[in-house]
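Trainee: Could you walk me through this one before I start on my own notes?
Mentor: Gladly, let us open it and go region by region.

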Amino acid sequence: RGTKLLNIPEVMCLIYIPQRRAYVGSSSDNQLKVFNDQFELRSSATCRSPILSIVHNESTNQLVTGNVGNITVWNIQEEKRGLDDYVMKLYVAKVVEAGITNDMWIIHVHLDPKNQRCFAVCDTSVLVIDLVDATCTAQLVQAHQRPITRCLYVPKYQYCVTTSKSGSIKVWDRRQQLVHAFSGHTKAVTAVAN
């Protein structure tokens with residue numbers, strides 16, 4: 001009488017969208033899945049490559065995913081099924097491949113909703129992607145000696161802040177010039193907040 005093992009795909013990332021009372025997650029079988037606040041599966045969509053990061057763009061009600069080899073923008077369509085029951089269906093709006101090669105893993109995406117662009121982290125670089133035109137408008141190449149873990153855009157100063165596995169934190173201006181470097185952390189810096 002052994003334990004039956006279920007073949008359940010690994011969850012890669014998960015976000016909560018409070019306005020929709022829904023969770024959206026990606027799984028190792030290249031699926032983007034929508035769950036209600038009771039974690040009941042409501043819909044799913046197939047991706048052409050693994051999704052490594054997800055962010056909700058509130059101003060357009062779209063999802064932006066960082067994938068292996070691209071960034072994908074997803075339209076969210078809500079279908080009512082009853083008084084308090086609806087399904088969020090996801091449809092690909094556009095796939096951004098400009099400036100991104102098939103071997104690039106976009107591990108983190110940070111939105112700048114005012115300018116409809118995102119900052120995409122890939123290894124030691126950050127790509128600035130225009131989400132309207134689906135173009136790469138700037139690149140911060142080899143910003144750190146070790147992989148970048150997160151980035152944050154600070155609109156007030158037009159700075160991009162990057163953190164890395166080396167323990168360093170760097171602040172960059174809009175021309176991709178280093179403004180300041182913070183060091184002293186002995187381990188990876190894995191988060192940065194505004």
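What follows is a chat about salt bridges, strands and surroundings of a few residues.

Mentor: Please keep in mind that this is a predicted model, where local features need pLDDT of at least 70, side-chain atom pairs count only at pLDDT 80 or more, and totals for chains, interfaces and linings use all residues. Residues are numbered from 1 along each chain as its sequence is written, and side-chain values use heavy atoms, with hydrogens and water left out.

Trainee: How many salt bridges does the count come to?

Mentor: The count comes to 6 salt bridges, a salt bridge being a side-chain nitrogen of Lys or Arg within 4 Å of a carboxyl oxygen of Asp or Glu. One of them joins the side chains of Glu78 and Arg20, at 2.5 Å from N to O.

Trainee: Where do Glu78 and Arg20 lie?

Mentor: Glu78 lies in strand β7 (residues 71-80) and Arg20 in the loop between β1 (11-17) and β2 (22-27), so the pair ties together parts that are 58 residues apart in sequence. Strands here are DSSP runs of E with at least two residues, numbered from the N terminus. Glu78 counts as partly exposed, at 39% relative accessibility, where buried means under 20% relative accessible area, exposed over 50% and partly exposed in between, with a 1.4 Å probe and protein chains only.

Trainee: And which residue does Arg21 form a salt bridge with?

Mentor: Arg21 forms one with Asp37, and their closest N and O atoms are 3.1 Å apart. This pair links distant parts of the chain, with Arg21 in the loop between β1 and β2 and Asp37 in the loop between β3 (31-36) and β4 (41-46), 16 residues apart. Arg21 counts as exposed at 53% relative accessibility, whereas Asp37 counts as partly exposed at 30%.

Trainee: What about Arg175 and Asp173, how far apart are the closest N and O atoms?

Mentor: They are 3.2 Å apart in that salt bridge; Arg175 is exposed with a relative accessible area of 55%, while Asp173 is buried with 15%.

Trainee: Changing topic, how do β15 and β16 pair?

Mentor: Strand β15 (residues 169-172) and strand β16 (residues 178-182) pair in the antiparallel sense over 4 bridges, and pairing requires that DSSP finds at least two bridges between two strands. Ile169 stands opposite Phe182 in β16. The two strands form a hairpin with 5 residues between them, and in the turn Gln176 has a positive phi of about 65 degrees.

Trainee: Now Ser164, is that buried or exposed?

Mentor: Ser164 counts as buried, at 0% relative accessibility, and lies in strand β14 (residues 159-164). Its side chain makes a polar contact with the side chain of Ser166 at 2.5 Å; a polar contact is a pair of N or O atoms within 3.5 Å, where within protein one must be able to donate a hydrogen and the other to accept it, and residues adjacent in sequence count only if both atoms are side-chain atoms. Leaving aside neighbours within four places in sequence, Ser164 is in contact (heavy atoms within 4.5 Å) with residues including His144, Arg146, Ala188 and Val189.

Trainee: Last one, where is Cys13 found?

Mentor: Cys13 is found in strand β1 and is buried, with a relative accessible area of 15%. The C-alpha atoms of Cys13 and Ile54 are separated by 7.1 Å, although the two residues are 41 residues apart along the chain. Beyond its neighbours within four places in sequence, Cys13 is in contact with Val24, Gly25, Ser26, Ile51, Leu52, Ser53 and Ile54.
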